[in-house]
Amino acid sequence: MLFNSISFAIFLPIVFVLYWFVFGKNLKMQNRLLLVSSYFFYACWDYRFLFLLIFSTLLDYFTGIKMYEAKSTKMKKWWFWLSVCVNLGFLGVFKYFNFFAASFSDALLLLGFKANPAVLNIVLPVGISFYTFHGLSYVVDIYKDRIKPERNFVDYSVFVSFFPLLVAGPIERATHLLPQIRQQREFNYPKMVDGLRQILWGLFKKVVIADNCAYYANMIFNHSSDYSGSTLALGALFFTFQIYGDFSGYSDIALGTARLFGMELLRNFAFPYFSRDIAEFWRRWHISLSTWFRDYLYIPLGGSKGGMWKKVRNTFIIFIVSGFWHGANWTFIVWGALNALFILPLIIFNKNRNNLEIVAKGKQLPTLKEFLSILLTFSLTTLAWIVFRSENMGHAYNYISGIFSRSLFTIPEILPIKTIVLVCLFIVIEWLGREHQYAIENIDVKVPKFGRWAFYYAIVACIVYYAGAEQQFIYFQF
Amino acid sequence: MRLFIKSVLFFALPIILIGLTLEILLRQIPNDYTFKRDGLYKHADSMQVLFLGSSHAFYGINPTYTHLKSFNAGYISQSLKYDAEILNRYIDNLKELKYVAVPISYFTLFTNLESGSEAWRSKNYTIYYKFHTSNKITDYSEILGSKFDINLKRFLSYYISAHSAITCSELGWGTSYQSKNSRDLEETGLEAAKRHTVKNLSDKDNVAIYNENIAMLDKIITLAKKKDVKVVFYTPPAYISYIQKLNDEQLTKTISTIEKLTEKHNNTIYLNFLKDSSFIKSDFYDADHLNEIGAEKFTKMLDSIIVNDPKTY
């Protein structure tokens with residue numbers, strides 16, 4: 001069940017009405033309803049993997065309690081590693097087994113040995129990377145005595161499986177979401193309207209921007225050898241906006257949907273393409289994953305303490321692991337390494353925390369220096385996205401070489417004016433709303449009701465006009 | 001809470017009303033599906049041969065040239081599942097029916113309507129034929145089943161420009177592929193062969209589609225047998241540029257499957273016209289579709305075999 005599908009448009013109002021109108025005064029029933037609907041939502045993808053989700057939930061629920069009740073440090077450690085190994089084991093088998101088998105076979109071939117690697121013909125369970133990270137953060141937090149285990153199984157299961165975040169995040173923390181699940185929720189009119197508005201904006205990003213850009217990005221990337229440098233550059237730009245529209249659109253729908261049930265999820269995107277350096281970009285892109293790696297990998301490794309060498313090593317480790325988290329392909333690993341490389345000068349010269357506030361705060365336009373910094377950061381990001389999008393490293397190399405050829409200065413063979421205008425309009429709206437949680441958050445303060453509704457209807461018209469075959473969200477594969 | 005529901009309904013009301021109006025108006029536009037559905041009733045009492053199948057049958061069989069009374073119920077991308085559904089729905093009404101002709105093209109056993117690029121057409125079978133075989137909500141609505149701009153064009157074309165959406169003759173033959181508009185045979189041969197070739201025949205999904213299609217062929221044969229109707233399977237002719245690019249394994253599997261099936265059932269025959277040399281360049285609209293000249297030639301050829309009631313070709 002995709003967020004941009006008719007099934008979801010039917011599912012959501014039914015759950016909403018039951019939640020507020022039937023079980024509105026009974027927290028226990030509300031949470032049970034959320035759990036049942038979340039499992040139904042997940043089963044719509046593939047009911048067989050629901051058992052994996054339930055098993056993972058049960059495992060972390062019990063190991064959490066066992067760790068807390070353990071009489072010795074040794075026992076506590078034992079339960080902790082049991083949970084970590086089983087969780088990562090599942091991830092390893094379902095997501096990385098074939099990659100390791102193929103890479104091992106390739107390595108043997110280089111040494112002159114021929115091996116036929118065992119290949120598992122398995123489907124990747126949707127959302128496995130996300131709910132595994134949910135569970136892991138919960139277990140680590142208990143192990144480190146940051147939180148106490150949740151005794152109510154339904155509440156804990158809702159934390160892991162809450163349907164808006166189940167398949168592609170944001171990756172939540174127990175400290176943030178569990179208290180909201182335990183607490184009585186009140187119906188709040190402005191928040192509900194805000195939730196719907198964010199869903200609408202998310203749908204616009206997905207259906208109008210991402211799916212339109214996807215059409216051209218796919219066409220150019222899939223036949224990259226046929227196109228000129230300028231077309232390839234345009235294809236890279238289309239993918240840059242596709243992945244942003246797709247994933248931030250998904251996150252907006254997830255956040256808006258959660259708000260309809262009285263819950264606030266972690267913000268996942270904060271206008272990353274207006275960043276002035278790569279460090280700022282990574283504070284604004286997929287925030288819930290970046291902070292997860294920071295808290296559960298970078299800091300335990302020593303973080304920025306222990307000298308320059310350790311700092312650089314740790315930076316490379318988290319970026320490479322982050323790349324690998326996206327999938328079992330060398331392109332993702334190189335994409336992670338490239339980002340680490342881009343951020344390196346900022347780390348070495350201690351300038352990685354220079355741009356903490358949003359660019360040109362309180363102003364209409366950026367300064368020339370800011371504009372050039374944004375342009376440079378955007379170009380580096382786009383270059384890295386080429387590697388991310390490519391089928392393999394050979395494809396990435398040919399694509400990038402194709403861009404930096406004489407034909408870069410020719411008119412692109414594919415020039416979809418309508419899509420380019422839409423993307424430009426989108427950038428303007430995002431720029432105007434960059435000081436808020438999402439671009440159109442503040443519209444009810446600035447614009448009178450008539451104008452506001454006209455704007456909403458225009459967005460709906462665009463969505464209806466461009467809606468067609470439901471396109472999968474990119475991050476569902478991770 | 002009430003204020004919220006009221007505001008949401010108030011906001012959604014114009015969208016719902018426009019949507020409903022458009023849905024109703026779009027359903028009123030006569031199209032090939034309604035035309036064929038009505039044709040199957042209209043000609044029920046006299047129909048002796050029923051042609052089913054995809055575009056290869058739709059454009060390649062012109063019932064005007066058959067000795068026996070016949071009707072072409074084939075249509076673009078119509079897969080075996082829908083052929084079987086049509087036969088199942090109408091066979092009881094077709095009292096004079098003697099033959100059912102089903103094309104077995106290079107792709108027939110390895111594709112279905114739902115998984116191809118023409119999947120949006122499946123809504124037409126639920127809306128107009130009332131086959132409730134789909135579990136997709138979008139297959140029950142015109143406005144949700146295809147892109148808005150396509151619906152808008154259809155709406156404007158019929159209600160503003162007064163253009164008809166019917167593209168077939170009285171007996172169901174597709175009239176759009178005319179020789180004067182023929183396409184480049186070399187180019188279309190390459191394109192079509194690529195489009196029709198399945199990447200991996202042993203892939204789990206492809207095997208499932210193949211098995212489903214075999215089950216549909218069995219269904220067609222069983223339905224026909226019950227009414228003492230013969231089933232004529234045939235592979236339609238194609239141009240050399242298409243044939244040369246076909247995958248041997250896929251083609252061999254197609255032919256051997258249908259040959260085995262016809263050996264098993266005595267109410268079936270199989271005729272292979274794929275490489276028939278009597279079809280020349282001027283018979284084709286593109287590399288795998290006949291034009292009006294080719295359709296006449298092919299229909300007469302098929303008709304003469306059917307009339308002689310052969311056991312083999």
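The model is predicted, and local features need pLDDT of at least 70, side-chain atom pairs count only at pLDDT 80 or more, and totals for chains, interfaces and linings use all residues. Residues are numbered from 1 along each chain as its sequence is written, while chains are lettered from A and ligands numbered from 1 in the order in which they are written.

The secondary structure of chain B comes to 12 helices and 7 strands. The radius of gyration of chain B is 21 Å, close to the 20 Å that the globule rule gives for 313 residues, so chain B is as compact as a globular protein of that length; this radius is taken over C-alpha atoms, and the rule is 2.2 Å times the number of residues to the power 0.38. Along its principal axes, the C-alpha trace of chain B spans about 75 × 45 × 40 Å. Of the 313 residues of chain B, 39% count as buried, a residue being buried if 20 or more other C-beta atoms lie within 10 Å of its own, exposed if 12 or fewer do, and partly exposed in between, with C-beta atoms placed from the backbone.

Strand 4 of chain B (residues 230–235) has 6 of its 6 residues buried, so it is largely enclosed by the rest of the structure. From this strand B:Lys230, B:Val232 and B:Tyr234 point one way, whereas B:Val231, B:Phe233 and B:Thr235 point the other way. Strand 3 of chain B (residues 99–103) runs parallel to strand 4 and is joined to it by 5 bridges, with B:Pro103 standing opposite B:Tyr234; two strands pair if DSSP finds at least two bridges between them. Strand 4 of chain B also pairs in the parallel sense with strand 5 (residues 268–272), over 5 bridges, and there the bridge partner of B:Phe233 is B:Tyr270. In helix 4 of chain B (residues 80–90), the buried residues include B:Leu80, B:Tyr82 and B:Ile86, and the buried residues of this helix pack against strand 3, helix 5 (122–127) and helix 9 (204–226) of chain B.

Chain A is divided into domain 1 (6–187) and domain 2 (190–276 + 355–477), with bounds that come from an automatic or database domain assignment. The C-alpha centres of these two domains of chain A lie 29 Å apart, and 17 residues of domain 1 are in contact with 17 residues of domain 2, where contact requires C-beta atoms, placed from the backbone, to lie within 7 Å. Helix 1 of chain A gives the most to the side of domain 1 that touches domain 2, with 3 residues.

Between the chains, 12 residues of chain A are in contact with 11 residues of chain B. The largest share of the side of chain A that touches chain B, 4 residues, comes from helix 19 of chain A.

Notes:
Two residues are in contact if their C-beta atoms, placed from the backbone, lie within 7 Å. Helices (H or I, at least four residues) and strands (E, at least two) are DSSP runs, numbered from the N terminus.
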